[in-house]
Amino acid sequence: MQPLKIMKLGKKSRKRIFQLLLVVFFVLNILSYVGAYSLTHFSTPNNWVLGLPRPNSSKLPTDIGLRYVTQRIPISPNEWLETWLIPAENSVSNGTVLLFPGNGGSKAKQLLAPTQVFHNLGYDALLVDFRGVGGSSGNTTTLGVREAKDVTLAMKYAQSSNFKHPFVLYGVSMGSVAILKAVAHQKVNPDAVILEAPFARLVNAVKSRIRAVKFPTFPLTELMVFWGGVQHGFNGFAHNPVTYASSVKCPALILHGKLDKWTTVAEIDEIFKNLQDFKKLVIFPDVGHNLLVTVDKKRWKKSVEKFLKRV
C-alpha cells in the first residue's frame, strides 16, 4: 500500500508543478505582450494609449539661426511624413543629407545639432520625422522595420524634387537601422551613408534593455520580440542590421560610443566588416549611447568632414 500512496502523491505533485508552470508561462506572455505594446506605441495628452510619451519638441531650426521650409511627404490620404528642408549656407550646395532620428526621438529633438554641422559644410539638409513621432502621422514605432519604408519615401521625394547630388543618408540609432534595412530590402541606393550607434540584432537590443532594469532576460526577450512582431506584422528575430549591412555598396561611415550600453563595440565591428565599399569606423572613447555631436563636436565634425570629402 505504501508504494501506491507515494505514487499518488507524486502524480498530484507533478500536476501542481505543471499547473504552476502554465500559470507562470501565461503571466510571462501577458507581461511580454504589454511590454512590447508599450515600447512600440506613443501617447499624447489628447490621445492616451499605453505607451511612451510621443517624441516631440517645440524647438525650431530658427532657434539656432537656420531658415527652413516645412514639407509633408504623403503616404496615404491620412498618413504623411513631416520634414524640414534647410538649404546650405549661402545656398551653394555640395549635396543633400537626409537625416533620420532614433527611437524616441524626432527631427527637432535629435537632428538639429548634426544638421548645423552639415549646413556649415555646405550641404542641404532634409530632416525627417518617422511615422509616429514629431509632426508625422501615427502613434507607433517598429524599431526600424516600417521606418525603412519611410527612408525609401524620403529618398524618392528628394530624387523627384531634384535635390542636389550626392545623396547622403544619416541616421541616429534606430534611424541607422532603418537606413540599412532600406538599402537591403527597399533597394535604396544612396551615394553614401553615415550610421551613428546602430544596433546589430533586435533580439540583442531588447535583451540589453531588459538587463538594464534588472529583469531576467530569458524568456522575456524572446517573448517580447515575438509579441512585438505579432502586433506589427513582422518577424523580429530576422530584424538584424548586421545582415543588412552586406547590401551596402556605397561609402559608409560608422560613429559609435565605446561605452554604449545598448550595443557593444564587438557588434559594431560585425556590422562594419559586412559593409561592401569604402568604410570608416570612428569610436568615441568615454562616450555612451549619446548624440555624439553634442558630446564631442570637434571629433564628430572632423570625422564627418573627412568622410564627405571622400564621397
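Okay, before anything else, one term: a pocket here is an open set of grid points where there is protein on both sides within 12 Å along at least five of seven lines, and its lining residues have an atom within 4 Å of a point. One more thing to keep in mind is that this is a predicted model.

So, with that in hand, let's go to the largest pocket. It is lined by 40 residues, and the ones nearest its centre are L39, N103, L143, A205 and R209. Its volume comes out at about 920 Å³. Which elements supply at least two residues each to that lining? They are α1, which runs 2–39, then β2 at 52–53, α2, α5 at 202–212, and α6 at 220–232.

Now the second largest pocket. This one has about 220 Å³ of space. You'll find it lined by F278, K280, V282, R299, K302, S303, K306, F307 and R310. Two elements give two or more residues here, namely β10 (279–284) and α10 (297–310). Helix α10 has the largest share, with six residues. By class, this lining splits into three nonpolar, one polar and five charged residues.

Let me step back for the overall picture. The protein has 311 residues, and 50% of them count as buried. It contains 10 helices and 10 strands. If you draw a box along the principal axes, the C-alpha atoms fill roughly 95 × 45 × 35 Å. And here's a number on the fold: take contacts between residues at least 6 apart in sequence, and 72% of them join residues at least 24 apart.

Next, salt bridges. How many does the structure hold? Six. Let me show you a few of them. In one, the side chains of K107 and E82 meet at 2.7 Å, N to O. K107 sits in helix α2 (residues 107–120) and E82 in strand β4 (residues 79–86), so this pair ties together parts that are 25 residues apart in sequence. Buried or exposed, K107 and E82? Both are buried.

Another one pairs D150 with R131, at 2.6 Å, N to O. This also links distant parts of the chain, with D150 in helix α3 (residues 147–160) and R131 in the loop between β6 (124–128) and α3, 19 residues apart. D150 and R131 are both buried. There is a network here too, as salt bridges with shared partners join E79, R131 and D150.

Then there's E147 with R146, where the side chains meet at 3.7 Å, N to O. Why does E147 count as buried? Its relative accessibility is 1%, and buried means under 20%.

On the inside of α3, the buried residues are E147, A148, D150, V151, T152, A154, M155, Y157 and A158. What do those buried residues pack against? The partners are β3 (69–76), β4, β5 (96–100), β6, β7 (167–172) and α4 (174–185). After the helix comes N162, with a positive phi near 60 degrees.

How values were computed:
Residues are numbered from 1 along each chain as its sequence is written. This is a predicted model: local features need pLDDT of at least 70, side-chain atom pairs count only at pLDDT 80 or more; totals for chains, interfaces and linings use all residues. Side-chain values use heavy atoms; hydrogens and water are left out. A salt bridge is a side-chain nitrogen of Lys or Arg within 4 Å of a carboxyl oxygen of Asp or Glu. Helices (H or I, at least four residues) and strands (E, at least two) are DSSP runs, numbered from the N terminus. Buried means under 20% relative accessible area, exposed over 50%, partly exposed in between (1.4 Å probe, protein chains only). On a 1 Å grid over the protein atoms alone, a cavity is a set of points where a 1.4 Å probe fits but cannot get out, and a pocket is an open set with protein on both sides within 12 Å along at least five of seven lines; lining residues have an atom within 4 Å of a point. Grid points are joined across faces, edges and corners, and a volume is the space filled by probe spheres set on the points. Ala, Val, Leu, Ile, Met, Phe, Trp, Tyr, Cys and Pro count as nonpolar, Asp, Glu, Lys and Arg as charged, and the others, Gly among them, as polar. Contact means heavy atoms within 4.5 Å.
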